[in-house]
Amino acid sequence: MTAQFSAAAFEPIAVTTAIREAIDHAVRQVPPAWPLASSVAVNPFLGQTGETLADAAARLRKVGGVPVTMPRDWYRERIANGSITEADLAAALAASRHPAKPANLAELQAAIALDRPAPAALANVAELAAKASGTDWPGIVADRMGSWLAGYFDEGQALWPVIRGHSAWAAWRSNATHDLTPEIMGLHGFARIVAEAPQDPLALIGRAVNTLDLDEAALASYFHQLLLTLGGWAQYARYKLWQAELRGDTDMTLADLLAIRLLWEESLYLQHQTAITHQWAAVRADHGSEALADADDLVDEILQEATERASQRELAESLAMTGSQQRQDQPALQAAFCIDVRSEVYRRALESVDSAIQTIGFAGFFGVATEHRGFASDTAEHRLPVLLNPALQSVSGDERHAAQDQTTRFALRAKRAWGRFKLAAVSSFAFVEATGPLYAVKLLRDALGLHGTKAPNEPMPRLVPDLTPDARISAAETILKAMSLTARFAPIVLIAGHGANVTNNPHASGLNCGACGGYSGEVNARLLAGLLNDRAVRAGLAERGIHIPQGTAFIAALHDTTTDRVTLYDGDLSEAAPAGLNQVRTWLDNASALARAERAARLPHADGQADIARRARDWAEVRPEWGLAGCKAFIAAPRARTHGCALDGRAFLHDYDWRKDATNGFAVLELILTAPVVVASWISLQYYGSTVAPAAFGAGNKLLHNVVGGIGVLEGNGGNMRAGLAWQSVHDGEKLMHEPLRLSVCLEAPVEAVTAVLEKHPQVRALFDNRWLHLFVIADNGQLAKRYAGNLSWQDEPHGSD
């Protein structure tokens, strides 16, 4: 029997300022998720960085039942084996700024001995209706919305794409009025309800607020909860808003999804109102109350802090025992790598093969923030940090490659047409019958991993339009100063971007360079090398005090982090290859073997360094490399501070000389804190979130992944899209391979200069004030001397007191 709802129940009401502010607040609580083609790490706690870990725990527990720390037994195990000492616990307790924290160490230890219940979220209307009716309404909502969103967000995977040009709200209403599934499952008259809904989604939100009897205090929390129920779909919609705001625009997709979710809630409430009235009243009241950290939240925050202090103690000991004097002679080779933690292993290996080699760490886009179009492609690739807008445009090839460009485009179009023919509804079955046996050879080759993937080797990229001569010189000067590379140039200087070489991995771009927007870094490296090899640029640099020897050659390279193979782009040189290039190739080969041997020891079932390349080609391999698992520190200092220090691929290493930067008003220090440190924090916190809360912030099991819309993955065949890291990216099947730690940022710079940057950038300061990041200053003796205590204050660090 169809339920009869009063017309008054569906009358739009005025959308108040409070409702609009609650929508905006809820939207800002959701982290963005980039599409698979340019997947980058994102801080899942991006909306909570204005509060402490304990406060975030209270908020996320309330709206989603999301944990933000590990279970108590994980910490107890580390206390029992001595990794976390009583001194660490005492220091963490003293550092806690919460008045309600345990009164003393004994009280803290007593609390640690007790397990806490798993966090439980408030129930939404769909969950209350499910209990009342026995029908899985949360599952039905996720299924129907996921089915529609897969088509709405599709970026080329669907053979029958939806018609573009409509808002999410309008497109969903058009679809939902013809979807009888909700009514078949028991939501009577839902198609009619959708058809009669206001055309303005904000009006629907206002009406639903009135129907559900929500007061202003409850709105932001409840809206946040509903967006969380959409999983990766909400995060992808948040990405669309992020991109729009970078352009100075806006996007209402996520607000539209909130309106859709609210219409489901409103309809279910009206149908089950009698059965759920009392429970819903209690939920409304809880949403209207402030989310306050309880005693367990404070204990868990202190435990996490103690774990990080134990790790920082180990880092301080390593830095105190290593390091060397800054070399003054001219090196035989300089190699600039990305600050990525995987580069630390390779840099250490390369330096070990010959003492005349110097390596440099710098953000992997190398200061070239370009929107690039690859060869025979019109797709714009933002090869720069996602925090920035492109300042340049580039393409691969020039007029000499016009014929090859056209031929390649024809071939790509034919390949796409053939692919659609294979999958089309009319031809797919006949295709399999007729040509299936012909694919046996390809299937066998792929299954045995007999094919290889070559490094990108498109024609040399160029800027379009090119910069003016003065702008080219200024760009080169700025980049070299930021790299702390203004003297003692080697005969050969490598500019080495990085990328990953994997097979059958939807998240392959997530293993590429985060500073290059999820793309490999060879384009940026080749553009910079070309700029620095320009004789006119070198002449202009000499007038500005940077003298590059005539015999110095800058050569772009690509470090494959999966196989540790380095490809040189010496073909870009307009002059003959330098005399020492063969020696450089030998050094790189030796370093690659050392790096592979070190990494193989951590990879499950890897049979030595010779097994590394095979794993990259194996389409069934779920762990071809560990990515940035294990990351725990960011160090900006001269390489001499960490030279010879085995940091085990767990530290971002950025070369920085504050004495050179002081003459420039510490502009490089400001850049490091506001760009590379923030990007590194996103990486660190994505690994952290995917480890402590895999159900909320992880992508689930790789073995169950299905690509959806070309933008993300489902775990199974429907429901919510999953964002974050797959479980296999942080766990080896027996134990965690990523230790969830908030990043420790260590800067060799004057305290006053660091404080000035924090004071100038409140959003960056909030990351440190609320301890989503830890901050240290390294003294002249190489030891950690000062710890940032929040509110622009510092305290002495015992490790640096010698």
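Guide: In this predicted model, a cavity is a set of grid points where a 1.4 Å probe fits but cannot get out.

Visitor: How much space lies in the second largest cavity?
Guide: By this rule the count comes to four cavities of 30 Å³ or more. For the second largest cavity, the space comes to about 70 Å³.

Visitor: Which strand supplies the largest share of the lining of the second largest cavity?
Guide: The lining includes Glu-305, Phe-768 and Arg-771. Strand S18 (774-778) and strand S19 (784-790) each supply at least two lining residues. The largest share, three residues, comes from S18.

Visitor: How many residues in the lining of the second largest cavity are charged?
Guide: Glu and Arg count as charged, and Glu-305, Arg-771 and Arg-787 are in the lining. By class, five lining residues are nonpolar and one is polar, while the number of charged residues is three.

Visitor: How far apart are the end C-alpha atoms of helix H7 (residues 137-152)?
Guide: Helix H7 has 16 residues, and at 1.5 Å a residue these should span 22 Å. The distance between its end C-alpha atoms agrees with this: 22 Å.

Visitor: Which helices do the buried residues of H7 pack against?
Guide: Among the buried residues of H7 are Trp-137, Ile-140, Arg-144, Trp-148 and Tyr-152. The buried residues of H7 pack against helices H6 (125-133), H8 (168-176), H9 (181-184), H13 (232-246) and H14 (253-288).

Visitor: Which residue caps the N-terminal end of H7?
Guide: The cap places a side-chain oxygen 3.1 Å from the backbone nitrogen of Gly-139. The residue that carries this oxygen is Asp-136.

Note on methods:
Residues are numbered from 1 along each chain as its sequence is written. This is a predicted model: local features need pLDDT of at least 70, side-chain atom pairs count only at pLDDT 80 or more; totals for chains, interfaces and linings use all residues. Side-chain values use heavy atoms; hydrogens and water are left out. Helices (H or I, at least four residues) and strands (E, at least two) are DSSP runs, numbered from the N terminus. The expected span of a helix is 1.5 Å times one less than its number of residues. Buried means under 20% relative accessible area, exposed over 50%, partly exposed in between (1.4 Å probe, protein chains only). Contact means heavy atoms within 4.5 Å. A polar contact is a pair of N or O atoms within 3.5 Å; within protein, one must be able to donate a hydrogen and the other to accept it, and residues adjacent in sequence count only if both atoms are side-chain atoms. On a 1 Å grid over the protein atoms alone, a cavity is a set of points where a 1.4 Å probe fits but cannot get out, and a pocket is an open set with protein on both sides within 12 Å along at least five of seven lines; lining residues have an atom within 4 Å of a point. Grid points are joined across faces, edges and corners, and a volume is the space filled by probe spheres set on the points.
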